Amino acid sequence: MLDIPFRSACQLAAAIRQKDIGCLELLDLYLHRIERHNPRLNAVIFMDIDAARERVRQADAALARGDIWGPLHGVPMTIKESYDVAGMPTTWGVPDLKDNYPQTHAVSVDRLLRAGVVLFGKTNVPLNLSDWQTFNDIYGTTNNPWDVTRVPGGSSGGSAAALAAGLTGLEAGSDIGASIRNPAHYCGVYGHKPTYGIVSPRGQDMPGIVAAADISVVGPLARSADDLAMALEVMAGPDEIDGMGWQLHLPRPRQVTLRDYKVAVMYSDAEAEVDDAVQARLHAVVEFLRQSGARVSDTARPQIDSREAHRNYIQLLRSATSSLLSPERFQHNLQAAAALLPHDEGYEAQTIRAQAMSHKNWLALNETRHHLRLAWAEFFQDYDLLLCPAATTVAFPHNQQGERWERMLTVNGKPQPSTTQLFWAGYTCNFYLPSTVAPAGLSPDGLPVGVQIVGPQYGDYTCLHFAQLLEREFQAFEPPAGFE
């Protein structure tokens, strides 16, 4: 079993219930590790230690009385900075919001607290949660614990880095462009992007915003697939308003073993070529699945055009995030959109068009999305899951110069705009599908690679079950060197 700081949240909760370790003792263990290791990473950027120590004392006293608060009783937890936690800042990395201290918790925060966690701090994010790196002018840059010269991903980069380095027991993030899945892949941890709409996002947004954004979801990150399943159970379900009319009943997986699964696999795509180092680990997963008796096809696909799906996603994504634009920037983009050449399909041009589109054009794109969504549903009549990359490369070196689409990655010896990786984000999440990223081993350079496990809408527990089987039989979480 892994050393205590690297154990899963479920294992930590069990150790507390069995009184192998006290709640205060466990919190102090993580606080000591943050003091020792966080200066190298800058993953945890705010802590309320006094409030956390008071809560763990209450947790220890409750346990002594035989009063178990919930399945995560006493487990120390940090959370992505974008979640509202009363008494902690929520800035989204925006300097003008550095003094924003919300008065109430996000819905998911309340649910995690009711499950017994000790929420003691927050983890870093990029500006406006809009990057696959994690840096901002308030808190600075977060590094990847596998190689501090590289990015931890984003936008839940601080979350994944803290988990990988053993600085926290559990985490939660958000995902509209792989912001859970990408850092899980880069840092070698687990992340689950839930089916759209099953976890209330209320309290995970800019001040004053209460409407749920298109595409965007919130969900857990962890060091174990078991933790993801536990945390999803805690976080999912309608808020108190929607709960007056509906309840969530996610189907449980029909499969028991890997042999019971029929899966398709994508290694790469013409829209977003994947580096051979990432593809190699996916091939290793598939080889293991075939040896285990699973039925695997590397040619089966939903009947959709990858190019059409990607263009549709970028337009809807950048429309969804246009609320972050200042009035001045919006006016600028209206003028810039009118000057674009019709054949210009670069990322910048697509972004400008999306941020300046009419509602009529949005409705047409949304209609196309739902036609493609039906094609996905038909595909999942024949296949249980689709396996694919989470990104085109392993974690890349820090690069904060210029615009995102101007920053280049090297894929099989060729330059690729970093924004190209968004293909692997939107190929599934634009259509409301759940997906779990699980560790698939290390690249030749010793960097983590994750496999993205995609299921049908509301098939969250099937994705998680498959990840649990891979964790037990193929590849589990491994701590990075230097954080013992």
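So, the negative patch: D344, E348, E403 and E406 gather on the surface. A patch here takes residues with over 30% relative accessible area and no salt bridge, joining like charges within 9 Å and nonpolar side chains (Val, Leu, Ile, Met, Phe, Trp, Tyr) within 5 Å. A salt bridge would be a Lys or Arg side-chain nitrogen within 4 Å of an Asp or Glu carboxyl oxygen. Asp and Glu count as negative, Lys and Arg as positive, and His and the chain ends are not counted. Each charge is placed at CG of Asp, CD of Glu, NZ of Lys or CZ of Arg.

Bear in mind this is a predicted model: local features need pLDDT of at least 70, side-chain atom pairs count only at pLDDT 80 or more, and totals for chains, interfaces and linings use all residues. Numbering runs from 1 along each chain as its sequence is written, and side-chain values use heavy atoms, with hydrogens and water left out.

Back to D344, in the loop between α10 (327-339) and α11 (347-356). Helices are DSSP runs of H or I, at least four residues, and strands are E runs of at least two. D344 is partly exposed because its relative accessibility is 30%; buried is under 20%, exposed over 50%, with a 1.4 Å probe and protein chains only.

Now H192, in strand β7 (residues 190-193). Its relative accessible area is 0%, so H192 is buried. Its side chain has polar contacts (N or O pairs within 3.5 Å, one able to donate a hydrogen, the other to accept it) with the side chains of T436 at 2.7 Å and D460 at 2.8 Å.

Last, α5 (residues 157-164): eight of its eight residues are buried, including L163. Just after α5, G166 has a positive phi of about 70 degrees.

Technical notes: Accessible areas come from the Shrake-Rupley method with a 1.4 Å probe; for residues, only the protein chains shown count as cover.
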